[in-house]
Amino acid sequence: MFTDQNKAISIEIKSFTPGGARLQDHLNSTLTLDTIRDGNWDIVIIQGHSLEPLKNPVGFKDAALTLIKIAKDSGAEVYLFETWSRALGEPEYIEEWSGRNPAAMQKLISKEYTDVAISTDAKVIPIGRIWQRLRTEIPDIELYSTDGSHPTPCGSYLTAFVIYKYLFDEDPTDIKYYPNGIKKSEAKKLRAAAENIILKQKEISLENIMTRETIYDSYLIFLRDGKILLSRHVNKRYEDENYSM
């Protein structure tokens, strides 16, 4: 829950957790599809497996287009959760499809999400690009866990505020809450960085976003009346790790 002295936004989360799932797995899930069609959601957020747009771009796009149509037909506005590249030194960078380095991988991932958005009039939440900017501007804050893919509490905290900013257009610096595992000084830096970087990022149009420089898991988020229901596909070893958004 986000709170300040004057208001509170409540977020309700529900998880579906088959390991290593892709967007096609959501299309094969009656539970996911029924949730979209019958939930009367204002917003649906769609995110693929972090390597899915790179290793299977055609399958990623086809599944995303279908899910977006289902969501739009249900009356929801659709956002795409753009994921971040793997950390430097991860084994994926020996593969040609990876781009060989984090900046190149991010550019490829961002392009795939933006292509889908342009084709469907969905909106991209450029979390991957914001992670990349923050790693440059505040390199002393670690966003990656030891596996080089999943987020640390700081990474989750930043991601939550990016989503918050894009959905509600509220200033993250107004929120003073921070969870265990994050220092007060880190929380303050992350909130300020989220606001400043997002303001710069939102100036970039969909047309030129592909020329600019993503979580390992696949999930959908549903928003209704200020509450989010999260349908999330995660690697089993992480299924019990939940950070407050």
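This is a predicted model: local features need pLDDT of at least 70, side-chain atom pairs count only at pLDDT 80 or more; totals for chains, interfaces and linings use all residues.

A: Axes are lines fitted to C-alpha atoms, for helices over the stretch in contact, and angles run from 0 to 180 degrees between N-to-C directions.

Helix 5 and helix 6 have axes 9 Å apart and pack at an angle of about 155°. Angles over 145 degrees count as roughly antiparallel, and helix 5 and helix 6 are therefore roughly antiparallel to each other. Their crossing is left-handed. On the side of helix 5, the residues in contact are Pro-102, Ala-103, Gln-106, Ser-110 and Thr-114; on the side of helix 6, they are Gly-128, Arg-129, Gln-132 and Arg-135. By class, this contact of helix 5 with helix 6 has 5 polar, 2 nonpolar and 2 charged residues.

Arg-100 is in the loop between strand 4 (77–81) and helix 5 (102–120). Its phi is positive, about 80°, although Arg-100 is not a glycine. Arg-100 is partly exposed, with a relative accessible area of 46%. Asp-121 lies in the loop between helix 5 and strand 5 (123–125). The phi of Asp-121 is also positive, near 65°, and Asp-121 is likewise a residue other than glycine. With a relative accessible area of 63%, Asp-121 is exposed.

Helix 6 (residues 127–137) also packs with helix 7 (residues 153–168): their axes come within 10 Å and cross at roughly 130°. That makes helix 6 oblique to helix 7. The crossing of helix 6 and helix 7 is right-handed. From helix 6, the contact takes in Ile-127, Ile-130, Trp-131 and Leu-134, which meet Gly-155, Leu-158, Thr-159, Val-162, Ile-163 and Tyr-166 in helix 7. Of the residues in this contact, 8 are nonpolar, 2 are polar and none is charged.

The whole structure holds 6 aromatic pairs. In one of them, the rings of Trp-131 and Tyr-144 have centres 5.2 Å apart and planes at 75°, so the pair is edge-to-face. The two residues are 13 residues apart and belong to distant parts of the chain: Trp-131 is in helix 6, and Tyr-144 is in the loop between helix 6 and helix 7. Trp-131 has a relative accessible area of 0% and is buried. Tyr-144 is buried too, with a relative accessible area of 7%.

Another ring pair belongs to helix 7. The rings of Tyr-164 and Phe-168 have their planes at 50° and their centres 5.7 Å apart, so the pair is tilted. Tyr-164 and Phe-168 are 4 residues apart in helix 7, which means that about one helical turn separates them. Tyr-164 counts as buried, at 4% relative accessibility, whereas Phe-168 is partly exposed, with a relative accessible area of 22%.

To recap, helix 6 is roughly antiparallel to helix 5 and oblique to helix 7. The contact of helix 6 with helix 7 has no charged residues, while that of helix 5 with helix 6 has 2.

Conventions
Residues are numbered from 1 along each chain as its sequence is written. Side-chain values use heavy atoms; hydrogens and water are left out. Angles under 35 degrees count as roughly parallel, over 145 as roughly antiparallel, 65 to 115 as roughly perpendicular and the rest as oblique. A crossing is left-handed if the near helix is turned anticlockwise from the far one by less than a right angle, and right-handed if clockwise. Contact means heavy atoms within 4.5 Å. Ala, Val, Leu, Ile, Met, Phe, Trp, Tyr, Cys and Pro count as nonpolar, Asp, Glu, Lys and Arg as charged, and the others, Gly among them, as polar. Rings of Phe, Tyr and Trp (its six-membered ring) pair if their centres lie within 6.5 Å; planes under 30 degrees apart count as stacked, over 60 as edge-to-face and the rest as tilted. Buried means under 20% relative accessible area, exposed over 50%, partly exposed in between (1.4 Å probe, protein chains only).
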